[in-house]
Amino acid sequence: MERLWDSRRAVRALFSCVPGYGHFHPLLPLARALVADGHDVTFATAASFAGRVESAGFAALPAGIDQAERIARFAPYREELQSLPFDQRRTVGFTRNFATIDAPAKVSELRTAALGWEPDLIVHDSSDLAAPVVSAALGIPTAHHSFGRLVPPAILARAAAESESIWRDAGLTPEPYGGAFRGLYLDICPPSFQTEVVPAGTRVEPLPANAVVERYIPQALLLPHCSAVVSHGGSGSVLATLGAGLPMLLVPQGADQFENAAHCRRLGAARVLLPDELTADAARAAAVSLLD
């Protein structure tokens, strides 16, 4: 998983889910892994579901209606649903349950919970359409955690159209797919069982065979095996690379990175690509020049 925070401090992760076992239980392995790694986790869900959350070892903040209330509010749509062919019912059922009923009832309380608890990250299940709105409104990174196979994008698009009003009420422009892919998509589904793909423009393409991605490796262990380093130009990365005597390609993004990159270029220790210069071809050419 891409690291969204400073690894040197504890992260506050707010998990937001529909109050149901099938929505809550798939989130537990990640929540427990974060706690084991020293981070803080709290759940936001219906007050009546708090006992289940607490029995799993987590605190719960009240946000949204419970399953019984959602079922009661769904009653006017039941005849519409049952009149449809079986293969069309999921689209209407998902949209009515989670866009028409659940998200508008949850968004205000979830915003209040987030403002009070001040998370660094919001993790939400695939049916929680209130969480992307709150994360966008408050500028909090978000991660969409699946509960199985990817909800078909066509269904998410239909639900997004139904829930546009909660985005506009928050002073926001509605995002594609209801903001479901505004951040990371954490997929627990085995590839052999997956039939859908994340929409174009939101997914990470398959890695080439010679690339490896890791959550974290101490630089002192990694750099002795490197011939060159491509980094954002943060102070830690720059000093460690200079200490290892390796050439750098720096792609600064913010903070002290532009100053570090400029000074390394003056010293002849790095090539630099500024944000408006960064393309795949430019990065490839600069990296090859370092290796040559």
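**Salt bridges and one asparagine**

Start with Arg 284 and Asp 281, whose side chains form a salt bridge at 2.8 Å, N to O. Keep in mind that this is a predicted model. The two residues sit three apart in helix H12, residues 280–291, so about one helical turn separates them. Asp 281 is exposed, because its relative accessible area is 55% and the cut-off is over 50%.

Glu 164 is partly exposed, at 33% relative accessible area.

Arg 96 and Glu 162 form a salt bridge through their side chains, 3.5 Å from N to O. Arg 96 belongs to helix H5, residues 89–117, and Glu 162 to helix H7, residues 153–162; they are 66 residues apart. Arg 96 is buried at 17% relative accessible area, while Glu 162 is partly exposed at 34%. Through shared partners, salt bridges join Glu 80, Arg 96 and Glu 162 into one network. In total, the count is eight salt bridges.

Last, the asparagine. Asn 260 lies in helix H11, residues 257–267. Is Asn 260 buried or exposed? Its relative accessible area is 19%, and buried means under 20%, so Asn 260 counts as buried. Its side chain reaches the backbone oxygen of Gly 233 at 3.0 Å. Asn 260 also touches other residues, among them Ser 235, Val 238 and Leu 250.

Note on methods: Residues are numbered from 1 along each chain as its sequence is written. This is a predicted model: local features need pLDDT of at least 70, side-chain atom pairs count only at pLDDT 80 or more; totals for chains, interfaces and linings use all residues. Side-chain values use heavy atoms; hydrogens and water are left out. Helices (H or I, at least four residues) and strands (E, at least two) are DSSP runs, numbered from the N terminus. Buried means under 20% relative accessible area, exposed over 50%, partly exposed in between (1.4 Å probe, protein chains only). A polar contact is a pair of N or O atoms within 3.5 Å; within protein, one must be able to donate a hydrogen and the other to accept it, and residues adjacent in sequence count only if both atoms are side-chain atoms. Contact means heavy atoms within 4.5 Å. A salt bridge is a side-chain nitrogen of Lys or Arg within 4 Å of a carboxyl oxygen of Asp or Glu. Lists of a residue's contacts leave out its neighbours within four places in sequence.
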